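Hi there,

Here is the structure I promised to pass on. Have a look at it first, and then read on for what turned up.

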Amino acid sequence: PSRRFRPPPPPPQPHPLLARLRHGQRTAGVSTRSSTITMACRLNAKKEKRARNVENMRKFKKPTGKKFGPGKGKGNSAKASAMGVKRAAAREAEANFVATLFSSVDPDAAAADEGATK
């Protein structure tokens, strides 16, 4: 099988502006100092941004609470605590009422109570 000869690709050409600056030619409006890119200021800016983000995450983080269900992630306020105490008292009163409704009564004791009250 015959293979065609492929010449190697030409080397990449530098940007025309950079080529002129390398050879000492000055272009209008471009100085050699401003064309030099220094990345140190960008790194410092990123470090400062990370520090600000960490600080703001601490400052504005959500309060931790229940992971699931209604009211997840909310902190306990004084009002919520007071309402919780009221709800617990209401549940206990309801449980006592239901217990009296469904309590079993001994028929002999009930007859004795009726006779005593008459």
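A quick word on terms before the fold: a helix here is a DSSP run of H or I with at least four residues, a strand is a run of E with at least two, and both are numbered from the N terminus. On that basis, the chain reads α-α-α-α-α along its sequence, with 5 helices and 0 strands in total. Please keep in mind that this is a predicted model.

Next, the surface. Buried residues account for 2% of the 118 residues in the chain. The accessible surface of the chain is about 11,800 Å², and carbon and sulfur atoms contribute 59% of that.

The positive one is formed by R42, K46, K47, K49, R50 and R52. Among these residues, R50 sits in helix α3, which covers residues 40–59. Is R50 buried or exposed? Its relative accessibility is 53%, so R50 counts as exposed, the cut-off for that being over 50%.

The other patch is nonpolar: F97, V98, L101 and F102 make it, and its area is about 440 Å². Where is F102 found? F102 belongs to the loop between α4 (78–101) and α5 (107–117). With a relative accessible area of 70%, F102 is exposed too.

So much for the handover; do write back with any questions.

Best wishes

Notes:
Residues are numbered from 1 along each chain as its sequence is written. This is a predicted model: local features need pLDDT of at least 70, side-chain atom pairs count only at pLDDT 80 or more; totals for chains, interfaces and linings use all residues. Side-chain values use heavy atoms; hydrogens and water are left out. Buried means under 20% relative accessible area, exposed over 50%, partly exposed in between (1.4 Å probe, protein chains only). Accessible areas come from the Shrake-Rupley method with a 1.4 Å probe; for residues, only the protein chains shown count as cover. Patches are made of residues with over 30% relative accessible area and no salt bridge: like charges are joined within 9 Å, nonpolar side chains (Val, Leu, Ile, Met, Phe, Trp, Tyr) within 5 Å. A salt bridge is a side-chain nitrogen of Lys or Arg within 4 Å of a carboxyl oxygen of Asp or Glu. Lys and Arg count as positive and Asp and Glu as negative; His and the chain ends are not counted. The place of a charge is taken as NZ of Lys, CZ of Arg, CG of Asp or CD of Glu.
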